[in-house]
Amino acid sequence: MDNAEDIFATAAAWAAEGETVAIATVTETWGSSPRPAGSRMAITKSGRIAGSVSGGCIEGAVADAAQSVMQTHAPKLLDFGVTNEMAWEVGLACGGKVKVFVEPLT
Amino acid sequence: MNLTTLHALQQAQSARRPVAFAKNLSDGAELLLPDDAAPENLNEAAKTALAADKTGTHTIGNESWFIEARNPPPRLILIGAVHIAQALVPLATLTGFEVVLVDPRTAFGNQDRFPGAKIINDWPDDAIKTLRPEIRTAVVTLTHDPKLDDPALDEALKSDAFYLGALGSRKTHAARLARLAALGHSPETLSRIYGPVGLNIGAVTAPEIALSIIAELVSTRRGPK
């Protein structure tokens with residue numbers, strides 16, 4: 001574990017403030033994906049975002065998915081990459097592939 | 001993720017206790033491993049992940065599990081709360097190191113000069129004995145004072161620290177190596193010390209020297225072997 005940025009501390013602080021929080025985690029990568037498995041992002045219903053799961057190319061789509069996860073309370077496993085452009089509109093410019101697990105903090 | 005799990009992960013982190021976080025990607029179940037109550041194959045996967053410091057997804061018993069190796073962050077022990085340390089502490093922290101500053105001189109090692117830093121006002125050899133550097137720890141001496149630097153290096157050379165560095169010119173370093181050799185360290189053991197410390201980038205100012213030290217630390221951890 002080498003992430004200098006402590007997403008868990010941020011997520012815990014937001015939850016303590018009464019925010020609804022979702023956590024997105026890179027669970028698997030192939031090819032030249034910019035952030036390794038274990039990279040995380042925290043998202044609140046009110047729109048706050050911390051951390052990252054890519055070089056910036058898919059954060060928007062992950063934040064959108066997090067909003068729906070916070071509504072339904074059902075976790076989602078998202079697939080991003082060149083071969084999945086049909087499933088998700090966002091691809092990775094670097095040609096890598098990542099899977100991102102999005103879940104509510106409960 | 002449950003808040004309880006999140007807090008347990010934070011606790012392990014602050015205690016420098018290695019744990020694996022396991023998440024069932026189909027039903028969302030989560031565990032902290034190793035755990036005697038957990039299935040044997042999950043515990044095995046967790047131990048393998050921690051040993052290799054590898055995070056990823058595994059198929060275990062027909063189910064997809066995300067297993068995250070959460071080893072303690074790399075640690076940097078600095079001997080000497082000197083001017084260069086004032087640049088090195090924030091830069092090392094930003095790079096992801098947990099920094100411990102050792103200086104028995106409270107006029108140097110204090111919260112005024114190093115707001116928020118973890119400071120131990122102890123003799124360096126005693127501090128090193130207490131902190132017990134392991135393979136995720138680096139030790140860098142910065143005082144130029146043999147009374148402080150030498151005992152720290154003497155003790156650190158007996159540890160598994162992945163990096164030992166000593167600030168000082170080539171001449172200072174040669175004299176230092178001679179003193180440490182007289183304490184019984186072999187030339188092979190002494191070759192573990194990077195001195196003069198830092199990558200040679202022509203650093204002049206304190207922040208530049210700090211940068212060269214961090215660059216050498218990163219290169220030692222991650223660079224081509």
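A salt bridge is here a side-chain nitrogen of Lys or Arg within 4 Å of a carboxyl oxygen of Asp or Glu. The model is predicted, so local features need pLDDT of at least 70 and side-chain atom pairs count only at pLDDT 80 or more, whereas totals for chains, interfaces and linings use all residues. Residues are numbered from 1 along each chain as its sequence is written, chains are lettered from A and ligands numbered from 1 in the order in which they are written, and side-chain values use heavy atoms, with hydrogens and water left out.

**View 1. Salt bridges around Arg16(B).** Glu134(B) and Arg16(B) form a salt bridge in which the closest N and O atoms are 3.7 Å apart. This pair links distant parts of the chain, 118 residues apart: Glu134(B) lies in the loop between helix H4 (124-131) and S8 of chain B, and Arg16(B) in the loop between H1 and S1 of chain B. Helices (H or I, at least four residues) and strands (E, at least two) are DSSP runs, numbered from the N terminus. Arg16(B) also forms a salt bridge with Glu98(B), with the closest N and O atoms 3.0 Å apart. Here too the pair links distant parts of the chain, Glu98(B) being in strand S6 of chain B, 82 residues from Arg16(B). Buried means under 20% relative accessible area, exposed over 50%, and partly exposed in between (1.4 Å probe, protein chains only). Arg16(B) counts as buried because its relative accessibility is 17%. Glu98(B) is partly exposed, with a relative accessible area of 26%, and Glu134(B) is partly exposed at 27%.

**View 2. The pair Lys158(B) and Glu155(B).** The side chains of Lys158(B) and Glu155(B) meet in a salt bridge with an N to O distance of 3.6 Å. Lys158(B) has a relative accessible area of 56% and is therefore exposed, whereas Glu155(B), at 16% relative accessibility, counts as buried. Elsewhere, salt bridges that share partners join Arg16(B), Arg75(B), Glu98(B) and Glu134(B) into one network. Over all chains, a search of the whole structure finds 15 salt bridges.

**View 3. The largest nonpolar core.** A nonpolar core is a set of buried Ala, Val, Leu, Ile, Met, Phe, Trp, Tyr and Cys residues joined through side-chain atoms within 4.5 Å. The largest such core has 28 residues, of which Leu78(B) and Leu142(B) touch the most other members. Strand S5 (75-79), H3, strand S6 (98-102), strand S8 (137-141) and H8 of chain B are the elements that give two or more residues to this core. Contact means heavy atoms within 4.5 Å. In soluble globular proteins, nonpolar side chains tend to be buried together.

**View 4. Surroundings of Ile193(B).** Ile193(B) belongs to strand S10 (residues 193-194) of chain B. With a relative accessible area of 7%, Ile193(B) is buried. Apart from residues up to four places away in sequence, the residues that Ile193(B) touches include Leu153(B), Leu157(B), Gly165(B), His173(B) and Leu180(B). Ile193(B) and Trp123(B) are 70 residues apart in sequence and 20 Å apart in space, C-alpha to C-alpha.

**View 5. The interface of chain B and chain A.** The contact takes 30 residues from chain B and 23 residues from chain A. About 2000 Å² is buried between the two chains, and carbon and sulfur atoms give 56% of this area. Buried area is the accessible area (1.4 Å probe) that two parts lose on being put together, summed over both. Two salt bridges are found across the interface; in one, the side chains of Lys23(B) and Glu103(A) meet at 2.4 Å, N to O. H1(B) gives the most to the side of chain B that touches chain A, with six residues. By class, that side has 11 nonpolar, 11 polar and eight charged residues, where Ala, Val, Leu, Ile, Met, Phe, Trp, Tyr, Cys and Pro count as nonpolar, Asp, Glu, Lys and Arg as charged, and the others, Gly among them, as polar.
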